[in-house]
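I went through the fold and then the aromatic rings.

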Amino acid sequence: MLPTPPVARPGDVCILLEPHTHEMLALRGLQRQLQVTFGGAAQQRVHFTSQRFALPDPTELLRVIHSLKMNLAAIASFPVRARCLELVEHPFWEFCVLRWDLQRTTTMWNFARAVHYALLQAGMTPHYPCDDGWRPHVTALEAIASPNGYSVNGQHQGQQLYTARRVTLSQIQEGKQFKILATIPLQSLP
């Protein structure tokens, strides 16, 4: 059985990979197609949460940002592709979500390891595993009324969702709100 990451709490910082604004039109189209079958609401801020960590002292944020910049300096923008769709009960949001389970490409693994080691170097403890238990995903729809009876196997396999071009640090606030702390661009594709 895979270890369960600590429950998300206010103050925790999430490391996100988000699409560029010009990619959102195509993503919104995919979300609308899925809503026809599954209902629910479109995830407004589409992203891939690559890691989460507790920030015990806000003054340590600059050290984390510096470590991320150093470790991600050689990472170029890369495609974020779906492997399949899956319906899951989300413990933080307390409702069912439909998400794209992502292909774990070599580039994505390299990115995940760079983030993992950057956090360790900054003295932070990563919440998600950086091993075979790592399950990257992007939420497409939230607040699905009932997951029963839906088949999602094979849908969207290999679908490119967007290109990861920047890393966003987002801190969980009270009331399930978020505050953007920093963004770090990845190298542009040649």
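1. Helices (H or I, at least four residues) and strands (E, at least two) are DSSP runs here, numbered from the N terminus. On that basis the chain has 3 helices and 9 strands, and along the sequence they run β-α-β-β-α-β-β-α-β-β-β-β.

2. Bear in mind that this is a predicted model, where local features need pLDDT of at least 70, side-chain atom pairs count only at pLDDT 80 or more, and totals for chains, interfaces and linings use all residues. Residues are numbered from 1 along each chain as its sequence is written, and side-chain values use heavy atoms, with hydrogens and water left out.

3. Of the 190 residues, 47% count as buried (under 20% relative accessible area, 1.4 Å probe, protein chains only). As for contacts (heavy atoms within 4.5 Å), residues 24 or more positions apart supply 78% of those with a separation of 6 or more.

4. Phe78 and Phe111 make a tilted one, 5.6 Å centre to centre with 50° between the planes.

5. Trp109 sits in helix 3, while Trp134 is in the loop between helix 3 and strand 6 (137-144); both Trp109 and Trp134 are buried. Ring pairs also bring in Phe48, giving a cluster of Phe48, Trp109 and Trp134.

Note on methods: Buried < 20%, exposed > 50% of the residue type's maximum accessible area, 1.4 Å probe, protein only. Phe/Tyr/Trp six-rings, centres within 6.5 Å; stacked < 30°, edge-to-face > 60°.
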